[in-house]
Amino acid sequence: MSQAGWYVGKPNGIVLCVDRREGRRAAGRLYHAYSKEAMLFSSMEEAVFRMEQFFDELNFPHPTTNGRTFQKEKKQQSIRQERAIIMKDEELLSQHGDLGTFLVHVQHRQNSSWQGRITWMDQKKTVYFRSALEMMKLVADALDSVSSSEDSETEISW
């Protein structure tokens with residue numbers, strides 16, 4: 001698999017490695033340039049929450065809407081801390097999932113969701129997504145196409 005021309009895209013690039021799947025639940029690891037430690041997830045929903053938390057810590061891409069809560073909010077200081085890059089693109093791109101590897105670039109966080117692009121590294125295909133839900137559907141469709149040889153009729157496809 002040639003990785004020429006691929007880049008992670010700091011500060012908001014994430015490598016999504018899917019290692020196993022039980023039914024529709026995909027589990028694996030997330031990597032970014034600011035830590036050598038993987039962020040583990042046991043479902044795509046958890047992966048999205050972990051990525052959202054990471055983007056909030058970076059304050060990039062900046063969300064256009066604030067999160068809602070029904071609990072008393074604690075006042076948080078929004079001091080952006082500069083993070084040191086620990087992993088280079090070559091190290092990040094060397095991470096691979098057992099079932100699939102995806103390079104996620106969230107370019108905007110608008111309308112309480114994400115917009116960006118996702119690259120399925122195993123198949124060298126890139127698709128733009130308009131929401132976090134659509135991104136999760138793209139990953140599920142990619143994993144479905146790996147696990148079964150039948151063509152599924154889906155609106156969103158690679």
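**Entry 1**

β1 runs antiparallel to strand β4 (residues 100-108), and 6 bridges join the two. I picked out one of the residue pairs: Ile 14 has Val 104 as its bridge partner in β4.

Then I turned to β2. It pairs with β1 in the antiparallel sense too, here over 7 bridges.

How many residues sit between β1 and β2 in their hairpin? I found 2, and Gly 23 in the turn has a positive phi of about 65 degrees.

I also checked how covered β1 is. Of its 10 residues, 7 are buried, so I noted the strand as mostly covered, taking buried to mean under 20% relative accessible area.

**Entry 2: Arg 24**

Is Arg 24 buried or exposed? Its relative accessibility is 55%, so I wrote it down as exposed, the cut-off being over 50%.

What does Arg 24 touch, leaving out residues up to four places away in sequence? I found Ala 140 and Asp 144. With Asp 144 there is a polar contact between the two side chains, at 2.8 Å.

I also took a C-alpha distance from Arg 24 to Ser 43. The two are 19 residues apart along the chain, and their C-alpha atoms are separated by 8.6 Å.

**Entry 3: Glu 46**

I moved on to Glu 46, which has its place in helix α1. Glu 46 comes out at 26% relative accessibility, so I logged it as partly exposed.

Which side chain makes a polar contact with the side chain of Glu 46? I found Ser 42, at 2.7 Å. Leaving aside neighbours within four places in sequence, Glu 46 is in contact with Leu 40 and Phe 41.

I looked back towards the sheet strands as well. Glu 46 and Ala 26 are 20 residues apart in sequence, and their C-alpha atoms are 9.9 Å apart in space.

**Entry 4: aromatic rings**

For the rings I noted two values per pair, because a pair of aromatic rings is described by the distance of the centres and the angle of the planes. I searched the whole structure and got 4 aromatic pairs.

One of them is Tyr 34 with Phe 54: the ring centres are 6.2 Å apart and the planes are at 40 degrees, so I called the pair tilted. This pair links distant parts of the chain, with Tyr 34 in the loop between β2 and β3 (39-41) and Phe 54 in helix α1 (residues 44-58), 20 residues apart. Both residues are buried: Tyr 34 has a relative accessible area of 13%, and Phe 54 has 2%.

Another pair is Phe 102 with Trp 120. Why did I call this one stacked? The planes are at 25 degrees, with the centres 6.2 Å apart, and planes under 30 degrees apart count as stacked. Phe 102 lies in strand β4 and Trp 120 in strand β5 (residues 115-120), so the pair ties together parts that are 18 residues apart in sequence. Phe 102 is buried at 0% relative accessibility, and Trp 120 is buried at 4%.

I then asked which residues form one aromatic cluster. They are Tyr 34, Phe 54, Phe 55 and Trp 114.

**Entry 5: the whole chain**

I zoomed out last. I counted 3 helices and 6 strands, and from the N terminus on they run β-β-β-α-α-β-β-β-α. Buried residues make up 44% of the 158 in the protein. The accessible surface comes to about 10,100 Å², and carbon and sulfur atoms account for 47% of that.

The mean pLDDT is 86, and 84% of the residues reach 70 or more. Among the elements, β3 has the highest mean pLDDT (98), and helix α2 (residues 89-93) has the lowest (93). A reminder to myself: where pLDDT is low, the predicted coordinates should not be read in detail.

Note on methods: Residues are numbered from 1 along each chain as its sequence is written. This is a predicted model: local features need pLDDT of at least 70, side-chain atom pairs count only at pLDDT 80 or more; totals for chains, interfaces and linings use all residues. Side-chain values use heavy atoms; hydrogens and water are left out. Buried means under 20% relative accessible area, exposed over 50%, partly exposed in between (1.4 Å probe, protein chains only). Contact means heavy atoms within 4.5 Å. A polar contact is a pair of N or O atoms within 3.5 Å; within protein, one must be able to donate a hydrogen and the other to accept it, and residues adjacent in sequence count only if both atoms are side-chain atoms. Helices (H or I, at least four residues) and strands (E, at least two) are DSSP runs, numbered from the N terminus. Two strands pair if DSSP finds at least two bridges between them. Rings of Phe, Tyr and Trp (its six-membered ring) pair if their centres lie within 6.5 Å; planes under 30 degrees apart count as stacked, over 60 as edge-to-face and the rest as tilted. pLDDT is the predictor's confidence in each residue, from 0 to 100. Accessible areas come from the Shrake-Rupley method with a 1.4 Å probe; for residues, only the protein chains shown count as cover.
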